[in-house]
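Student: Before we go through this model together, could you take me through its enclosed spaces and then through a part of its strand pairing?

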Amino acid sequence: MLPSQTLLHTAVFALTVLQALASDTFIAAVYEHAVILPDATDEPVSPEDALALMNKNMDVLEEAIKEAAQQGAHIIVTPEDGIYGWRFTRETIYPYLEDIPDPAVNWIPCTDPTRFAPTPVQERLSCMARNNSIYVVANIGDKKLCNSSDLGCPSDGRYQYNTDVVFDPEGKLLARYHKYNLFRRETQFNYPKEPEAITFETPFGKFGIFTCFDILFHEPAVVLVSELQVDTVLFPTAWMNVLPFLTAVEFHSAWAMGMGVNLLSANTHNISLAMTGSGLFTPEGPAAYHYDSGTEEGRLLLAELSARPRLSPTYPPAVNWSLYATSIKKFPEEKDTFSGAVRRDIFTFSELRCKAGNYTVCQGDLCCHLVYRMLNKSKDEVYVLGAFDGLHGSLIKYHWQICTLLKCKSTDLSTCGQPVETAQTKFEMFSLSGTFDTNYVFPEVLYSGVQLAPGEFKVLRDGRLKSKHGTSQPLVTATLFGRLYEKDLPHPLRTSPYNITP
């Protein structure tokens with residue numbers, strides 16, 4: 001006969017599953033964590049010291065997981081680097097790594113902790129999931145031994161991976177994902193030999209998972225959504241905000257709308273590195289989001305989401321992103337244009353000199369069209385229409401097509417493209433479109449104070465991004481981000497045997 005505690009847990013888990021099955025929605029949570037970082041060191045710490053640091057972070061995460069479960073959440077996502085931080089070399093991160101088995105082994109670390117020893121982090125995460133009857137998503141480090149017969153084996157005899165793990169409400173290891181698109185500073189980790197497309201089924205839809213920089217690339221991001229048809233993407237991230245375009249809440253919300261899926265985005269929180277911005281994003285816009293560049297506090301977010309958004313009556317229709325823009329004949333290209341840099345990207349800009357007008361700006365194969373009326377143009381503010389068609393990035397280069405209505409930092413046109421957080425000018429209306437060469441276009445509007453504009457704009461089937469009833473807040477940017485994955489350059493770091501895995 002089963003012990004009473006086990007019977008109680010089984011009953012609670014069964015009730016949770018039945019509740020999820022009875023509804024077309026589920027409650028999701030993300031936690032933005034102010035990570036407790038290790039002291040900087042050139043020498044590896046002891047395994048005991050590494051575990052002590054990780055336990056401090058897991059203490060915080062456990063409280064967030066308990067609170068989310070008490071509020072009815074079925075799943076919670078925690079951030080990339082959320083358990084040990086990011087101040088590491090390849091050698092100094094090693095004490096923080098565990099060997100994470102293939103989930104096919106059907107393992108519950110909480111009840112069988114010695115099966116793959118030592119795995120104290122996986123054991124604790126498993127127990128957090130099991131004790132709270134909730135799916136738990138976390139980011140940890142995986143290590144795999146290799147030998148000289150493997151031509152890609154690093155000289156230290158091991159592979160090291162930036163890894164996401166998912167534990168189900170019973171505490172079973174359900175999914176494991178090795179990050180494929182490492183950011184240039186992640187020299188402590190190896191690239192998988194092939195990109196992994198990790199999916200799993202739940203009572204509330206089909207889920208996929210990837211990490212941070214992965215979102216910008218075809219594999220695995222587009223593969224999961226377009227080919228494998230996931231409903232929801234789990235997204236641990238350590239995203240450093242880059243205004244005016246690549247703030248976390250702005251781009252992640254745009255990506256969810258452009259791809260037509262739920263995105264559960266959990267960011268780390270470190271204002272000295274401009275890390276903040278988490279959210280529960282849907283095809284219709286953000287259900288909940290958080291951006292805080294002023295404090296060092298974490299934040300738990302919850303929202304009820306559609307389990308299968310493609311079946312929802314409010315699911316946005318398919319968009320032909322170039323239909324309207326390619327049909328325009330009456331807007332001649334602006335002659336009075338100038339170049340401006342958004343970080344390293346050289347845009348073609350045209351100043352919006354009047355309170356209302358029609359503008360066209362072109363660069364490369366992309367022409368961007370704007371119709372607008374300003375409501376209360378400030379004399380101290382300048383707005384431009386901008387176009388960019390080219391490769392973005394310093395070491396790792398990928399192809400953007402961007403149309404943007406953009407506030408400049410000052411009235412000096414040379415500041416157009418520099419970071420801006422605040423504005424004073426509202427718009428009575430705007431309509432932005434472009435002659436995109438891709439179906440992968442991500443729309444978003446950013447208001448003053450790095451605030452989104454849910455419900456205040458729409459995307460028409462002909463590719464126009466339009467305000468519904470003007471802007472309720474001063475506008476910083478309205479942007480269409482296009483990605484031409486087929487024009488990306490080969491990844492410069494994956495050619496090294498040191499970064500190839502079996």
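Tutor: This is a predicted model, and in it strand 14 (345–351) and strand 18 (398–407) each contribute at least two residues to the lining of the largest cavity.

Student: What volume does the largest cavity have?

Tutor: With a cut-off of 30 Å³ or more, the count comes to two cavities. The lining of the largest cavity comprises 13 residues, and those closest to its centre are Phe245, Leu246, Val342, Asp345 and His392. By class this lining holds 10 nonpolar, one polar and two charged residues, and the volume of the largest cavity is about 110 Å³.

Student: How many charged residues are in the lining of the second largest cavity?

Tutor: The second largest cavity, with about 40 Å³ of space, has a lining that includes Pro38, Val45, Phe88 and Tyr96, together with Asp39, Thr41, Arg87 and Thr92. Sorted by class, the lining of the second largest cavity has four nonpolar and two polar residues, and the number of charged residues is two.

Student: Which residue is the bridge partner of Phe167 in strand 5?

Tutor: Strand 4 (residues 158–167) pairs with strand 5 in the antiparallel sense, over five bridges. In the hairpin that these strands form, five residues lie between the strands, and Gly171 has a positive phi near 95°. Within strand 5, the bridge partner of Phe167 is Leu173.

Student: Why is strand 5 largely enclosed by the rest of the structure?

Tutor: Buried here means under 20% relative accessible area. Strand 5 spans residues 173–178, and it is largely enclosed because, of its six residues, the number that are buried is five.

Definitions and conventions. Residues are numbered from 1 along each chain as its sequence is written. This is a predicted model: local features need pLDDT of at least 70, side-chain atom pairs count only at pLDDT 80 or more; totals for chains, interfaces and linings use all residues. Side-chain values use heavy atoms; hydrogens and water are left out. Buried means under 20% relative accessible area, exposed over 50%, partly exposed in between (1.4 Å probe, protein chains only). Helices (H or I, at least four residues) and strands (E, at least two) are DSSP runs, numbered from the N terminus. Two strands pair if DSSP finds at least two bridges between them. On a 1 Å grid over the protein atoms alone, a cavity is a set of points where a 1.4 Å probe fits but cannot get out, and a pocket is an open set with protein on both sides within 12 Å along at least five of seven lines; lining residues have an atom within 4 Å of a point. Grid points are joined across faces, edges and corners, and a volume is the space filled by probe spheres set on the points. Ala, Val, Leu, Ile, Met, Phe, Trp, Tyr, Cys and Pro count as nonpolar, Asp, Glu, Lys and Arg as charged, and the others, Gly among them, as polar.
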